[in-house]
Amino acid sequence: MNKEARKTATALAYLAPNFIGFVVFLAGPVVFSLVMSFTNWGMQKSVPFAWIGLENFTELLGDVNFWLYFLNTAYFMIGIPFAIAGSLILAIMLSQKLKGITVYRTLFYLPSITSGVALMILWKALYNPETGPINTMLNWFLNTVGLNHVIHAVFGTTVTPPAWLISTKSILGLDVDKIGMVWKQFGLGARDAIIYMGIWTGIGGGNMLLYLAALTNQPQELVEAAQIDGASRWAIFKNVTWPYLAPTTFFITIMSFIGGLQGGFEQARVMTGGGPAGTTMTMTYYIYTQAFDELQLGYASAVAWVLAVIILVVTLINWKFGNKEMYY
Amino acid sequence: MSTQNELAGQQRTWWNRWGKVTSSHLLLGLISITTMLPFIWMVLASFKPMADIEKINPIPSVWHPENYIEVFRKVQFARYYFNSLFIAAWVTLLTVLTSSLAAYAFARIQWKGRDMVFKLYLMTLMIPGVVVMIPNYTVMVHLHLLDSYVGLIVPAAFSAFGTFLLRQFMLTIPSALDEAAEIDGANSWQILWEIIMPLAQPGLVTLAVFTFLGNYGSFFWPLLIIKSEYLRTLPIGMLFFDTNYGTQTNLIMAGSVMSVIPVIILFVFCQKFLVKGIQLGAVKG
Amino acid sequence: MKKFFIIAILVMTGLSVFAYLIKPNTDHPGKVELRWVTDDNPARRNQIKLFNDTHPNINLSLDPGTNQKVVVQVLAGVGPDLFDVYSGQLPNYVKSDACLDVTDKLKAVGINVEKDVWRTLDTTYIYDGRVYGFPTNAACAGLMFNKDSFRKLGMPFPKGPWKWKDFLPVAQKLTVKDAEGKIQQYGFMFEWSYFPMLSMQWGGHLYSPDGTRSVLDSPENAGAVQFMHDLIYKYHVSPTPNEQTSMASQGGWGAGMINLFGAGRAATMLAGRWMLCNLRNFEGLKVGAAELPYENHRVFWGYGRATTVNKYGKHKKEAFEFLKYLASTEYNELINHQADSIATVIRTTYTDKYLHDPAYPEEDTNAVWRDTMYLSKPYETSPFIDASKSDLILYKQLDLVRADQKSPEEALKTAQELINEVIQRNIRKDPKLQELYDKLMLESRKKAKH
């Protein structure tokens with residue numbers, strides 16, 4: 001065997017364990033599900049297996065529920081700019097040379113690292129409209145402390161604490177079974193509750209650490225030059241730090257979008273069951289219910305692939321837009 | 001005159017410095033407390049009797065540490081703990097092992113098709129996980145691996161991300177060391193274990209910590225595979241605990257606290273690696 | 001480095017052996033193991049124990065799995081030996097070829113399903129003229145009331161037959177406020193999942209007689225939904241969803257409303273006898289039952305659960321013994337006693353054991369449940385849409401009415417449109433359904449011509 005072939009053989013030997021798993025559990029299923037999305041694969045024995053071409057796709061594009069769930073998924077991404085801004089602010093605060101700064105960094109990072117079912121169950125209890133501390137606190141401010149008297153005097157109405165996870169309302173007043181905005185649905189409901197929880201969980205997480213790393217490595221010469229020129233703190237930030245952070249921001253934004261489009265599953269499954277009235281049903285949860293409750297595996301695969309394409313398109317758009325911003 | 005000004009100037013800067021430090025700590029402290037509030041509530045609530053839950057006072061009127069024991073009596077919580085840790089350990093071990101070997105093949109050996117195959121790995125990172133869940137589930141059904149440890153461990157043990165991370169790490173190790181060893185007559189296996197792996201240790205630990213934490217909190221896949229109570233991991237166990245005993249908020253909170261503790265412990269010990277790992281993962285972008 | 005990995009592998013292997021050893025052992029030597037997927041109701045334990053005691057060669061155990069995955073398990077060949085089917089689910093299972101046809105087997109052992117069992121249970125285990133299992137329990141809708149709430153106000157215990165308009169003043173009197181005007185006790189609580197029953201009472205229907213389309217959008221149905229809405233927002237005898245859900249959280253079987261009733265926050269509620277399982281835990285609570293009020297038609301919801309045998313199970317013979325057990329007097333007397341609703345075998349509800357169970361002397365109104373069973377009917381279904389699917393659509397709309405965000409007419413109209421869309425989609429996908437649909441449409445056109 002010549003050297004070239006022996007090298008390839010050796011390489012393949014090392015690669016083998018990982019590669020076999022990769023093919024069986026990653027690459028293979030990707031192809032398989034793509035192929036299946038063009039069939040009517042399901043578990044009904046009475047319906048014979050058949051190739052139905054693009055029928056799954058035309059069906060899902062014409063299904064108002066698909067668009068509603070897509071809207072829900074997009075809605076959840078409203079929190080992204082706030083979360084990124086928050087991470088940046090926290091990172092700036094943590095970049096000071098202060099004794100014990102790592103303690104604060106640990107505390108900020110804690111929600112992100114412990115995120116999971118246990119935390120969602122915690123927030124479900126927090127959001128309980130009558131026994132949860134959030135509303136208990138709001139009630140106290142409004143009624144015991146008397147904020148409602150003030151509000152009544154100024155606006156003529158009183159405020160009741162929102163029903164959170166059982167309310168179909170949202171800040172944009174999204175309608176429940178059509179695409180559109182409706183005044184009656186304006187308020188704070190399940191969707192917003194989940195967004196706030198998401199911001200709390202993510203604000204001190206990986207994104208903050210990325211910003212912190214970038215800030216720590218920032219070359220000080222430009223900053224000092226600007227200071228000598230008498231620039232204000234805000235001007236320094238806007239013209240020196242922010243552009244310097246652009247690549248990090250770019251990366252964080254793309255990852256947030258990719259994650260956000262795939263998200264909402266755990267929240268839906270653990271906290272709301274997709275409700276109330278389907279308002280917290282995101283794309284991933286929809287795919288799950290179609291595949292494992294309705295047993296419509298071909299259709300679910302089609303929806304999953306549509307989601308994959310959407311993610312690709314959004315990433316490409318972000319890439320193009322971000323690239324322009326990076327060079328000033 | 002100038003001495004007085006000088007002294008006054010010194011005093012001012014001294015005061016400024018201390019003022020700044022205090023106000024920074026104050027601000028940071030305030031934010032920390034706000035961030036920690038839900039956790040604080042969770043821990044306090046886990047000690048409360050049921051009647052106290054809806055009271056505005058977060059502190060229990062009577063402390064009930066036996067709530068924690070009650071959790072173990074109501075559901076097989078000890079089992080959930082074992083399962084989560086056991087499965088996460090296996091997944092971590094398998095992932096680190098297979099990813100190291102594969103990363104070595106990508107980083108250190110020149111072979112035909114190497115870059116093409118690596119691009120294939122990268123491409124799968126772009127696909128949302130839910131796409132592969134459906135075929136993987138069907139495979140498990142046909143192999144009769146539903147509701148089994150193997151079904152929970154094996155599919156989760158193959159990560160393209162792990163290979164990618166370790167490859168990047170290995171690339172930073174100077175190849176001069178390899179060449180020196182080769183001259184001494186070492187073969188690729190020896191180079192891997194004597195030189196590369198020890199130097200790649202930070203990368204290995206980072207991958208291990210990430211994988212462990214990721215699998216510990218894994219929800220989607222266990223939700224599909226687990227049917228019997230004896231197999232439940234903590235996330236699934238907590239879900240059913242909440243579904244069946246959700247009215248007993250104090251017990252549920254005790255369960256949540258216990259679920260979260262291993263993560264906090266691991267994190268406190270491995271902070272360094274986690275922070276480094278996130279930065280490493282971001283470099284390629 | 002290598003050493004570390006070798007140690008790690010050894011440790012993990014050791015732990016794996018440990019994991020295998022602590023796996024719960026379900027094997028009983030010499031006995032046939034049967035697995036029954038049903039809900040994890042504490043009453044099941046005694047029901048299973050009784051079976052195991054009387055069948056020494058079999059060990060039946062309970063598997064609390066969720067129903068949706070049963071089909072997948074069965075098709076994958078790892079299904080349970082027995083599993084429960086609720087009203088409306090049977091067609092799906094039969095179409096997936098999961099259930100064993102026991103029509104002839106039951107006849108051979110002298111069980112006559114037409115005579116022995118409540119008619120209203122037919123749809124849970126009979127499909128297309130063939131029998132696929134045996135009912136596990138029966139239930140109907142009745143009015144449960146808190147005896148003390150009535151005594152406190154000096155009111156006589158309610159007794160049917162009576163109409164909703166006669167009931168309203170009673171419920172209003174029983175809605176008691178405290179000094180600050182906050183409602184302490186609601187006069188009446190009910191779940192909106194009973195809408196189809198009220199629809200029947202108002203004279204409406206869910207589907208056309210041949211099941212080819214949804215007919216939710218009718219004045220009768222709108223009247224029923226309006227009444228449900230009025231109970232909350234006009235007469236204020238029932239709580240709003242906000243008020244109700246915040247008084248309890250999720251858990252168990254209908255926990256919210258039942259717990260509130262048990263805690264004395266409601267004087268009456270739309271109930272099934274099975275709620276006693278939970279209510280008996282409330283000390284000092286004295287529950288009575290009366291016939292539920294009606295509107296234009298004196299009809300109530302009758303429902304239940306049936307157990308079927310896995311067609312691909314490995315122990316079909318022993319599993320069938322369980323079906324025989326379900327038809328036995330011992331089992332039926334047991335569920336009467338446990339209030340796991342009502343016995344499925346009619347004659348066991350005429351015994352003194354049922355009417356005056358010595359263990360529960362306060363429960364002297366059991367005759368009401370039995371008599372209501374004769375007046376009960378199951379909900380309408382359509383062969384063209386899964387009941388769970390249509391329920392999802394319907395209740396999403398009704399939820400909005402309940403939250404005072406949509407009018408009954410709009411909600412019913414939307415639900416009807418959406419259900420019909422799904423029906424059409426199902427027909428297009430399944431050639432057999434297409435055949436059936438064409439046949440029915442042809443027949444209805446013929447009828448229209450005459």
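**Loop residues in chain C**

I began with C:Glu363, which sits in the loop between helix H17 (352-355) and helix H18 (366-374) of chain C. A word of caution before going further: this is a predicted model.

Is C:Glu363 buried or partly exposed? I found 19 other C-beta atoms within 10 Å of C:Glu363, so it is partly exposed; the buried class would need 20 or more. Leaving out residues up to four places away in sequence, C:Glu363 touches C:Val287 and C:Asp357. I also checked C:Leu276, 87 residues from C:Glu363 along the chain, and the two C-alpha atoms are separated by 9.7 Å.

Next I went to C:Arg298, in the loop between strand E11 (287-290) and strand E12 (300-309) of chain C. C:Arg298 has 16 C-beta neighbours inside 10 Å and therefore counts as partly exposed. Which residues does C:Arg298 touch, not counting those up to four places away in sequence? They are C:Pro161 and C:Leu375. C:Arg298 and C:Pro161 are 137 residues apart in sequence, yet their C-alpha atoms are 8.4 Å apart in space.

The peptide bond joining C:Gly160 and C:Pro161 is cis, with omega about -10 degrees.

**Backbone angles worth a note**

C:Ser341 lies in the loop between helix H16 (329-338) and H17 of chain C. I counted C:Ser341 as buried because 24 other C-beta atoms are within 10 Å.

C:Asp404 is not a glycine either, and its phi is positive at about 60 degrees. I placed C:Asp404 in the loop between helix H19 (387-402) and helix H20 (408-429) of chain C. Here 13 C-beta neighbours lie inside 10 Å, so C:Asp404 counts as partly exposed.

In chain A I looked just after H7(A), where A:Gly146 takes a positive phi of about 100 degrees. Helix H7 of chain A covers residues 133-144, and its buried residues are A:Pro133, A:Ile134, A:Asn135 and A:Thr136.

**A length check on a helix**

I wanted to know how the span of helix H5 (residues 101-113) of chain A compares with 1.5 Å a residue. Its 13 residues should span 18 Å, and the end C-alpha atoms are 18 Å apart, which agrees. The buried residues I listed in H5(A) are A:Tyr104, A:Arg105, A:Phe108, A:Tyr109, A:Leu110, A:Pro111, A:Ser112 and A:Ile113.

**Chain A against chain B**

How many residues of each chain are in contact? I have 64 from chain A and 67 from chain B. On the side of chain A that touches chain B, the largest share comes from helix H1 (residues 3-36) of chain A, with 18 residues. By class, that side of chain A has 45 nonpolar, 16 polar and three charged residues.

**Inside chain B**

Chain B is divided into domain 1 (2-46) and domain 2 (67-284). I read 40 Å between the centres of the two domains, taken over C-alpha atoms. Their contact takes four residues from domain 1 of chain B and seven from domain 2 of chain B. The domain 1 side of that contact holds three nonpolar residues, one polar and no charged.

I then turned to a helix pair: the axes of helix H3 (residues 77-108) and helix H10 (residues 201-216) of chain B come within 8 Å and cross at roughly 140 degrees. The crossing is right-handed. Among the residues that meet are B:Val91 and B:Thr95 in H3(B), and B:Leu207 and B:Phe212 in H10(B). The contact of these two helices has nine nonpolar, seven polar and no charged residues.

My last stop was B:Ile173, in the loop between helix H7 (160-171) and helix H8 (176-183) of chain B. B:Ile173 counts as partly exposed because it has 17 C-beta neighbours inside 10 Å. Apart from residues up to four places away in sequence, B:Ile173 touches B:Ile196, B:Leu199 and B:Ala200.

Definitions and conventions
Residues numbered from 1 in each chain as written. Chains lettered and ligands numbered in written order. Predicted model: local features only at pLDDT ≥ 70, side-chain atom pairs only at ≥ 80, totals over all residues. Contact = placed C-beta atoms within 7 Å. Helix = DSSP H or I, 4+ residues; strand = E, 2+ residues; numbered from the N terminus. Nonpolar A, V, L, I, M, F, W, Y, C, P; charged D, E, K, R; others polar. Domains from an automatic or database assignment. Expected span 1.5 Å × (residues − 1). Buried ≥ 20, exposed ≤ 12 C-beta atoms within 10 Å, placed from the backbone. Axes fitted to C-alpha atoms, helices over the stretch in contact; angles between N-to-C directions. Left-handed = near helix turned anticlockwise from the far one by under 90°.
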